[in-house]
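Student: Could you take me through how to read contacts and confidence in a model like this one?
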Amino acid sequence: GTSRKMSFGFNGKMNGVEGKTPFLIGVSGGTASGKSTVCKRIMEKLGQVDKDHTERQVVCISQDSFYRDLTPAEKLKAEKGQYNFDHPDAFNNDLILQTLRDILAGRKCEIPAYDYRTNSLIKDKVTTIYPADVVLFEGILVFYFPNIRDLFHMKLFVDTDSDTRLARRVPRDINERGRDLDYVLNQYMNFVKPAFEEFCLPTKKFADVIIPRGADNTVAIDLIVQHIRDFLSNRCRVVVEPESPISRSDETL
Ligand code: CTP
């Protein structure tokens, strides 16, 4: 019979866990729009929290883990709030592309860890991402480059008012990212807001689903979760059906 812990993966039975292709979802939206919370809600509704990687079928990765390490000169600029962290080139886009390709190929991969307080990658710290059935990739510019954008099976855009976003960003940066009010507001006016309008907002048109108000929008999140569940159970059926005759013939041997 089919075990309860079976993998939903397309090739899960044939190639083992390493070979499966996950359903890849991109989640974009402006800063502090609630992208991470939307991802968290999706994972909660799918019953994914508090499970370890051997059971977990949904994982979430942040584009922020892929910030480029800064040169000493850039670091000085960043400390003065004069570095543009909202420009597409601030990210290591080659590594993003390679990582998403690895994920799609069902390969285990390692994600760098980033520290906003020091504006730098944390040395010797990586997070291992194991093959999963659904992978969420969230960030302000995940739909900017066509070669990255084209990898997603589903694209979500979290559309939250800019004043709401600013009202969330100010206390977050002060409390969690070690900045002062002047720094946060200057960075917002000089870089965050113009870059949002130039690079992030124009990518809204590529989204399959636009989520107004973000994580408060339980109707939208429920619809998306239902779509993911349908996908998982269809996949399950694809794997299970050809398996039965094989296991039956095994028994007769
Ligand atoms: N950023 C920063 N300093 C750094 C690196 C990034 O201030 N050293 C800021 C950038 O200005 C960018 C933001 O981090 O605007 C990107 O993170 P954001 O999307 O705001 O965070 P999430 O938690 O992913 O978003 P959400 O609140 O939507 O979940």
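Tutor: Start with the polar contact: a pair of N or O atoms within 3.5 Å, where within protein one must be able to donate a hydrogen and the other to accept it, and residues adjacent in sequence count only if both atoms are side-chain atoms. This is a predicted model, in which local features need pLDDT of at least 70 and side-chain atom pairs count only at pLDDT 80 or more, while totals for chains, interfaces and linings use all residues. Residues are numbered from 1 along each chain as its sequence is written, and side-chain values use heavy atoms, with hydrogens and water left out.

Student: Which side chains make polar contacts with the side chain of Thr 31?
Tutor: Arg 169 does, at 2.8 Å, and Arg 172 does, at 3.5 Å.

Student: Where is Thr 31 found?
Tutor: Helices (H or I, at least four residues) and strands (E, at least two) are DSSP runs, numbered from the N terminus. Thr 31 sits in the loop that runs between strand 1 (23-29) and helix 2 (35-45).

Student: Is Thr 31 buried or exposed?
Tutor: Buried means under 20% relative accessible area, exposed over 50%, and partly exposed in between (1.4 Å probe, protein chains only). Thr 31 counts as buried because its relative accessibility is 6%.

Student: Which residues does Thr 31 touch?
Tutor: A contact means heavy atoms within 4.5 Å. Leaving out residues up to four places away in sequence, Thr 31 touches Ile 140, Arg 165, Arg 169, Arg 172, Tyr 188 and Val 192.

Student: Which residues come nearest to the ligand?
Tutor: A residue is near a molecule if one of its heavy atoms lies within 4 Å of it. Of the 21 residues around the ligand, the nearest are Thr 31, Ser 36, Asp 86, Arg 169 and Arg 179. An N or O atom in the side chain of Ser 36 is 2.4 Å from an oxygen atom of the ligand; for the side chain of Gln 187, the corresponding value is 3.1 Å.

Student: What is the mean pLDDT of the chain?
Tutor: pLDDT is the predictor's confidence in each residue, from 0 to 100. The chain has a mean of 87, with 82% of its residues at 70 or more. Over residues 1-17 the pLDDT is below 50, yet this stretch has 31 contacts in the model beyond near neighbours in sequence. Residues 246-253 also stay under 50, and there the model has 0 contacts beyond four places in sequence.
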